[in-house]
Amino acid sequence: MGFMIDPQALAEEERRIRELSRTVDLALLYLQAAPLDREQAQELVRRVRAKAMRLFPDKAATFDLIYQPRFRRVLVKRFGLN
């Protein structure tokens, strides 16, 4: 018996991926340009991660591997965080 792909499930997965990608991209732009202090910037990153966990509940490690370094680079560049 072959592997069956549910087109609706696939479409939903792709929608969630696009939503997360847009959220991350907008947050990164906001972190670079908005008048935020360090705590506000870190809170934004926490909120984006929380949204990612709502969209993909079992993928915390994946978020940390893919997106966390991007956020860290922006925060280090802007605030000199180590």
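Is Phe-63 buried or exposed? Phe-63 is buried, with a relative accessible area of 2%. The model described here is predicted. Its chain has four helices and zero strands, and Phe-63 belongs to an aromatic cluster together with Tyr-67 and Phe-71.

**Fold and dimensions**
- Read from the N terminus, the elements follow the order α-α-α-α.
- The chain has a radius of gyration of 15 Å, whereas a compact globule of 82 residues would have one near 12 Å.
- Along the principal axes, the C-alpha atoms fill a box of roughly 55 × 20 × 15 Å.
- Among contacts with a separation of 6 or more, 65% come from residues 24 or more positions apart.

**Aromatic residues**
- Two aromatic pairs are present in the structure.
- In the pair of Phe-63 and Tyr-67, the ring centres are 5.4 Å apart and the planes stand at 40 degrees, so this pair counts as tilted.
- The label follows from the cut-offs, because planes under 30 degrees apart would be stacked and planes over 60 would be edge-to-face.
- Tyr-67 is buried, with a relative accessible area of 15%.
- Both values, 2% for Phe-63 and 15% for Tyr-67, count as buried because the cut-off is under 20%.

**Surface and charge**
- Of the 82 residues in the chain, 29% are buried.
- The accessible surface of the chain is about 6200 Å², and carbon and sulfur atoms hold 57% of that surface.
- The chain carries 16 positive and 11 negative side chains.
- The centres of these two sets of charges lie 6 Å apart.

Note on methods. Residues numbered from 1 in each chain as written. Predicted model: local features only at pLDDT ≥ 70, side-chain atom pairs only at ≥ 80, totals over all residues. Heavy atoms only, no water. Phe/Tyr/Trp six-rings, centres within 6.5 Å; stacked < 30°, edge-to-face > 60°. Buried < 20%, exposed > 50% of the residue type's maximum accessible area, 1.4 Å probe, protein only. Helix = DSSP H or I, 4+ residues; strand = E, 2+ residues; numbered from the N terminus. Rg over C-alpha atoms; globule rule 2.2 N^0.38 Å. Contact = heavy atoms within 4.5 Å. Areas by Shrake-Rupley, 256 points an atom, 1.4 Å probe, with all protein chains shown as cover. Lys, Arg positive; Asp, Glu negative; His and termini not counted. Charge placed at Lys NZ, Arg CZ, Asp CG, Glu CD.
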